[in-house]
Every structure is written in structure tokens, then in C-alpha cells.
Amino acid sequence: MMKSEIRTANKNKRKAMSREEAEKKSALAQNAFLASQLYKNAGIIMLYYPLGNETDTSVIAKTAAADNKRLVYPVTDEKTGEITPYYAKNGSKFHVGAFSVQEPEKTDKADTADIDVIIVPGIAFGRNGARIGFGKGCYDRFLKNICAVKIGFCYDFQICGGFIGEEHDINMDFLITESGVQACE
């Protein structure tokens, strides 16, 4: 299958999920992350604000805040596609930003070298960590020079055997779904 075919098929599957199914599977994925050493060892976590039926991250956000971990969210420049990470405090206001994604108020910019873990959304992931996003390359450009642990956060059906990413694609280190945490091959 071509990237575009995988993208279309998985977007349709995700759209077809009931709200209840998405919430149940999201809760399992979030709990798997929160129970992992990846979470326990992280001081600064970069999350995304889910769009539609994307795997939810709100329980991670609440738990991390209660555990005094710092949270970072992406703010994307719609013209250039450049992602800048900003800290979000408990009670930070979010607004609709680029590509209809909720973004935090631009307060304190995060230094990418300080981020321990990045939870990355996607349409599909290979077991090898390859990722298919929305096709704009925003995350690939952002992740290019970052040392943080990269986690593809998705549902089981979004993991497709093996596909090879393109030269500019950045692979994930781990995948987390409702079935748990798996290291990429």
C-alpha cells in the first residue's frame, strides 16, 4: 500500500470509531504510558491536543500536572509548518491554532534539549517506528534534531506491519496503544 492509501484507510477507520470506543482505547493507552518507566523517568513531557478521534492525552496531562512534571505542547506556524514547543501550566488557556489544532497561549517557550519524552500523533506507524502523519512534514522537521524519546501514540489498528519511511521521516522509539508499550524494531 502507498502512504496515501494507508493515510486514507486509517483516517476513515479512526473517523468511524464511536466516541465510547475511542475513549475506552485512549484510556488504556494513557494508562499504559503512565505505568511505564518512560513516564516515571520523564520530567518534561511534550503532548499534543487531540483532534477528532485521535488518541486522547488528557489523563496524561492531569496526572503529569499532579506529579509536578512539566508539560509542553506544539504551536505550529501555519505558513512554514514550523513547530515551536511552549509550556502549558495547569489552567493554561488553549485556543484554535494552525490546522484547527488546540494550542496553548504562547507563554514560556521550551528548550527542545530539556524535553524528555515527546508523545507524537500520527495516522499510521510501522513496527519499525516509521510514521505517517498528515503529510505536511511538521513533526518530521521538528523531531529531526531532538534527542528526546519519541513515542508514537495511537490505536492498535494504526500499526501497520512494516513500511519504510522516506529519507526525511523521523522514526519513533516506542509505540503505545491500548495494548500497551512496545519498543520499535
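Biologist: Let's start with pairing: in which sense do E1 and strand E2 (residues 70-76) pair, and over how many bridges?

Modeller: Strands of a sheet pair through backbone hydrogen bonds, either parallel or antiparallel. Here E1 and E2 pair in the parallel sense over three bridges; strands count as paired if DSSP finds at least two bridges between them. Ile45 stands opposite Leu71 in E2. The labels are DSSP runs numbered from the N terminus, helices being H or I with at least four residues and strands E with at least two. This is a predicted model, in which local features need pLDDT of at least 70 and side-chain atom pairs count only at pLDDT 80 or more, while totals for chains, interfaces and linings use all residues. Residues are numbered from 1 along each chain as its sequence is written, and side-chain values use heavy atoms, with hydrogens and water left out.

Biologist: What is the strand order in the open sheet?

Modeller: The seven strands run E3-E2-E1-E6-E9-E11-E12, with mixed pairing. Strand E3 (83-88) and E12 are the edge strands; each has a single partner, so one side of each lacks a neighbour in the sheet. On average, neighbouring strands are turned by 25° against each other, direction ignored.

Biologist: Which strands does H2 lie across?

Modeller: H2 lies across E1, strand E6 (117-120), strand E9 (149-153), E11 and E12. Its angle to E11 is about 135°, taken between N-to-C directions on a scale from 0 to 180 degrees, with axes fitted to C-alpha atoms, for helices over the stretch in contact.

Biologist: Now the charges. How many salt bridges does a search of the whole structure find?

Modeller: Side chains of opposite charge can pair when their charged atoms come close. The search finds three salt bridges, each a side-chain nitrogen of Lys or Arg within 4 Å of a carboxyl oxygen of Asp or Glu. Arg19 and Glu23 meet at 3.6 Å, N to O, and their four-residue spacing in helix H2 (residues 19-34) is about one helical turn. Lys25 pairs with Glu21, the closest N and O atoms being 2.9 Å apart; these two also lie in H2, four residues apart.

Biologist: Is Thr57 buried or exposed?

Modeller: Thr57 is buried, at 2% relative accessibility, in the loop between strand E1 (44-46) and helix H4 (58-66). Beyond neighbours within four places in sequence, the contacts of Thr57 (heavy atoms within 4.5 Å) are Gln30, Leu47, Tyr48, Pro50, Ile119 and Phe153.

Notes. Buried means under 20% relative accessible area, exposed over 50%, partly exposed in between (1.4 Å probe, protein chains only).
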